[in-house]
Amino acid sequence: MSQTTLNKAIDEIPMKTMNGFLALAVLILLLVAAGAGVAVIGGALGFVLCAVLLVLACIMLNGFAIVRPNEALVLTLFGKYAGSIKHDGFYWYNPFCTRVRLPGKKTNKMSLKAMTLDNGQQKINDALGNPIIIGIVVIWRVTDTAKAAFDVDNYEQYLSTQSDAALRSIVRQYPYDGFNNDAEKSLQGSSQEVADSLKAEIQRKVEIAGLEVLEARITHLAYAPEIASAMLQRQQAAAIIDARAMIVDGAVGMVEMALEQLDESNVVDLDEERKAAMISNLLVVLCANHDPQPVVNSGSLY
């Protein structure tokens with residue numbers, strides 16, 4: 001019968017440490033004692049005592065660590081997680097502990113600073129299937145050093161991969177813009193909501209790595225080159241339609257106002273046929289794309 005063992009998530013614990021200056025004083029005392037053993041006791045016993053104290057001093061040297069602000073040191077003891085040092089200062093810890101070396105890092109100290117991830121621009125299809133070019137920036141930091149060190153292989157690469165996956169998932173839920181419905185949520189018109197959804201999706205995916213997503217923002221949004229020209233014509237057509245609708249609404253209001261003022265002032269008495277002719281002329285003048293050309297009529301209206 002086979003038995004499967006599941007790896008449990010490792011919770012961060014503080015490392016038991018001693019003040020580094022106190023440990024340094026003890027180390028100096030050991031060296032002084034080693035020298036005194038040779039000078040005072042002498043003989044074979046003195047040299048043995050000196051050798052023992054020197055070995056202890058060398059072992060103690062392996063336990064000193066300087067941690068700067070917003071840095072952390074993850075330690076293991078014979079293969080088991082021993083704890084993390086997350087506060088700045090000069091420390092001494094169990095010298096038999098080993099510092100965990102992070103993949104792709106030149107140092108074995110983990111940064112706790114807020115960092116920026118920019119995976120560049122990607123081509124993704126929106127909710128309508130239109131290919132768009134989109135880029136995001138993610139502001140993040142490490143909050144659980146144990147999970148970041150042991151639960152994923154490389155937490156920076158893990159964040160990058162999960163950010164790409166979350167971006168594709170979110171973009172496919174929204175259209176690029178809301179041409180068909182002004183109330184429709186879109187990537188262009190609902191940037192804050194899209195950013196909030198993107199942040200929540202990335203955070204959900206990187207929780208296992210002990211990371212906190214502080215912010216996720218869209219930095220670039222455009223149609224893909226193969227459809228950009230057609231979409232530009234569509235935008236221009238929509239703008240022209242909106243402008244025409246505004247012009248017609250304004251022209252109708254002006255015609256109504258002109259008729260009302262003529263009726264109130266009794267300047268001229270217009271029958272329905274003359275009103276229709278005047279309305280037609282005013283709408284042509286107000287809605288035309290070019291300046292009207294006056295026509296001089298030297299006779300009657302009929």
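Glu71 is buried, its relative accessible area being 11% (buried means under 20% relative accessible area, exposed over 50% and partly exposed in between, with a 1.4 Å probe and protein chains only). The views below show a predicted model, in which local features need pLDDT of at least 70 and side-chain atom pairs count only at pLDDT 80 or more, while totals for chains, interfaces and linings use all residues. Residues are numbered from 1 along each chain as its sequence is written, and side-chain values use heavy atoms, with hydrogens and water left out.

**View A. The salt bridge between Glu71 and Arg68.** The side chains of these two residues, Glu71 and Arg68, meet at 2.7 Å, N to O. A salt bridge is here a side-chain nitrogen of Lys or Arg within 4 Å of a carboxyl oxygen of Asp or Glu. Arg68 is exposed, with 54% relative accessibility, whereas Glu71 is buried. The structure holds seven salt bridges. Side chains of opposite charge can pair when their charged atoms come close.

**View B. The salt bridge between Glu212 and Arg141.** The N to O distance between the side chains of Glu212 and Arg141 is 3.0 Å. Glu212 belongs to strand β10 (residues 211-223) and Arg141 to strand β9 (residues 131-142), so this pair ties together parts that lie 71 residues apart in sequence. Strands are DSSP runs of E with at least two residues, and helices are runs of H or I with at least four; both are numbered from the N terminus. Glu212 is partly exposed at a relative accessible area of 27%, and Arg141 is also partly exposed, at 34% relative accessibility.

**View C. Glu201 and Arg204 in helix α5.** A salt bridge of 2.8 Å, N to O, joins the side chains of Glu201 and Arg204. The two residues are separated by about one helical turn, because they stand three residues apart in helix α5. Glu201 counts as buried at 15% relative accessibility, while Arg204 counts as exposed at 55%. Salt bridges with shared partners link Glu201, Arg204 and Lys205 into one network.

**View D. The surroundings of Glu201.** Helix α5, which contains Glu201, covers residues 191-206. Leaving aside residues up to four places away in sequence, Glu201 touches Ala166, Ser169 and Ile170; contact means heavy atoms within 4.5 Å. Glu201 is a buried residue, with 15% relative accessibility.
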